[in-house]
Amino acid sequence: MNIADRYDSLPYPTKFFAETNPNRMAALGKILGLDVPDPQECRVLEFGCGDGSNLLSHAAMLPGSKFLGVDISTQHIKTAKAWADEIGLSNIDFQQADLMDMDVSEYGEFDFIVAHGLISWVPRPVIDKVFELFGAFLSDAGIGYVSYNTYPGGHLRNMVREMMVYHTRGIDDPLDKVESASSFLKLLSEGTADQNVYKAVLAAENIRHSKHSPSDFFHDDLSDFYFSFYFSEIASRLDSSGLEYLCESEFHSMSQRTLSTEYQKLIKGIENPVEREDYLDFARGRQFRKTLFCKKGRTVSREIKPARLSELALASTAAPGVMNDVEKESKPVRFQSQLGAGIEIDHVLTKLALTELGSRDGAPVGFPELLDAVRDRLEFQDWNKEEDICRRILIRLLEDTPIVDLYSFSDSNTPILAEKPKASALAQWQTRVGTKVTSRNGAVIGLDDEVARTLVKLSDGSRTIAQIEDGIRKFVAREGIGREVRSDLGEWVRESIERLSRIGVLDSGQTDS
Ligand SMILES: C[S@@+](CC[C@H](N)C(=O)[O-])C[C@H]1O[C@@H](n2cnc3c(N)ncnc32)[C@H](O)[C@@H]1O
């Protein structure tokens, strides 16, 4: 089966990637000292866009920008176009095309280019072509994104994958192949005679696969093509295309601070930044990278200056969002990211700034606006000194933890809760096709709970909050989903709706004026 037929017969799952949001890609360019295109008025291209879900979520948030998704699968593009119509987007186009046939002169340049989950799963000539197209399509100030399986961690995954491919070599039907591979891996991981490293790798891969959908499993692990790269190979491919490495889109994944002091010394002693990244991957056993790049020869300033925060917006959900008296004193407070990483901070202004961000449910807030929001609550003899410390701590958090995310701009309009709440067309579509919605700043929010999804579905502009509550009550009773109707259901519905409104999952209501 060729690649197009494989995806046509079993389409790739619907996914959203917050790091590919132009607002976030631009922010990382800015923090590294680059002038970048305005994400609100730009051209965005995605190679191998699958069913278009990722690009659709960005296009809905950035109506002043234009988006193009290209994919070889007819089925993917048919779905993507139908969904764009369903959401009512006119700033996005999808084209069924083989990247090998793309002619630069027909398309012009793009400010942001994304290739997620592509180059590790296509033949070598397509990989070469993707880098050629990156070089040809990226505008002078533009930023590109490419993700790929990475060595040395890639060796471990491939070791297990090759055995599954071998075991299923005689099976053609995609779902039968997945079923056979997954039973075999389970048998192997439980039946191995080894008690050491080999057993641990098999067990880890078995757990990872058990969380995958059949489509993920088939395309990501049983595909005919599966490549991992040392970072230096990617850097060299970028260089040959007139491009250069900018940073990882998961900025903190470049941090060295969790390594031993001796290993940090080894890395610091390496002059060449590309080689340094390779040694970082050796230390981390890195399996996957999400790399940003720009045109070669731009002045990338890797030492982050605190002043640069003034031009950027920050978001964080690490604080509970309620100011506690303790935060006004120099006592450590623990901030915990949703990814599990936590850190204690005792600097008062920084604690308040993070708490303020928490109260905005992860929406980005411009740094000057953030300071203004907390200024009245504190009296410092030397505000400038405290502000400087706060900037440095926030930069350190950005470099070393997933506690803060950076955005190029923030949407300062406060949404108004309508009398009859209405989920945005994007959110209505997202809850129809999956279990995730994206906020107005592109953060991906899991709605794994059926009741939460029903809440969004009932918020269709025809019901008041009381009627939505009534609908939820009936849904829980009717579906018998194994739980009591909670006594505080009314409160939960109101709070959830208010939160969905704040994060832009609901359309803003009209003001009186
Ligand atoms: C692993 S999927 C990733 C989809 C999506 N980017 C994601 O990460 O969710 C790879 C995608 O690349 C597309 N693709 C593979 N080879 C291609 C080619 N030569 N030209 C265009 N698209 C291609 C496939 O159809 C598929 O949608």
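In helix 4, residues W83, E86 and I87 meet A425, L426, W429, R432 and V433 of helix 16, where contact means heavy atoms within 4.5 Å, and where helices (H or I, at least four residues) and strands (E, at least two) are DSSP runs numbered from the N terminus. The residues of this contact divide into six nonpolar, no polar and two charged, counting Ala, Val, Leu, Ile, Met, Phe, Trp, Tyr, Cys and Pro as nonpolar, Asp, Glu, Lys and Arg as charged, and the others, Gly among them, as polar.

Before I go on, please keep in mind that this is a predicted model, in which local features need pLDDT of at least 70 and side-chain atom pairs count only at pLDDT 80 or more, while totals for chains, interfaces and linings use all residues. Residues are numbered from 1 along each chain as its sequence is written, and side-chain values use heavy atoms, with hydrogens and water left out.

How do helix 4 and helix 16 pack? Helix 4 (residues 74-87) and helix 16 (residues 425-433) have axes 9 Å apart, at an angle of about 135 degrees, with axes being lines fitted to C-alpha atoms over the stretch in contact, and angles running from 0 to 180 degrees between N-to-C directions. Helix 4 and helix 16 are therefore oblique to each other, given that angles under 35 degrees count as roughly parallel, over 145 as roughly antiparallel, 65 to 115 as roughly perpendicular and the rest as oblique.

Turning to a second pair, helix 7 (residues 174-191) and helix 9 (residues 214-221) have axes that come within 9 Å and cross at roughly 85 degrees, so these two helices are roughly perpendicular to each other. On the helix 7 side the contact is made by P174, L175, K177, V178, A181 and S182, and on the helix 9 side by P214, F217 and F218; these residues divide into seven nonpolar, one polar and one charged.

Next, the cavity. The largest cavity is lined by I3, R6, Y7, W121, H219, S223, D224 and F225, where a cavity is a set of points, on a 1 Å grid over the protein atoms alone, where a 1.4 Å probe fits but cannot get out, and lining residues have an atom within 4 Å of a point. Helix 1 (residues 3-9) gives the most to this lining, with three residues.

Finally, the backbone. Most residues other than glycine have a negative phi, and most peptide bonds are trans. A cis peptide bond, however, joins Y151 and P152, with omega about 10 degrees, and P152 sits in the loop between strand 5 (138-150) and helix 6 (153-167). D361, although not a glycine, has a positive phi of about 55 degrees.

Definitions and conventions. 1 Å grid on protein atoms, 1.4 Å probe; cavity = no way out; pocket = protein on both sides within 12 Å on 5 of 7 lines; lining within 4 Å.
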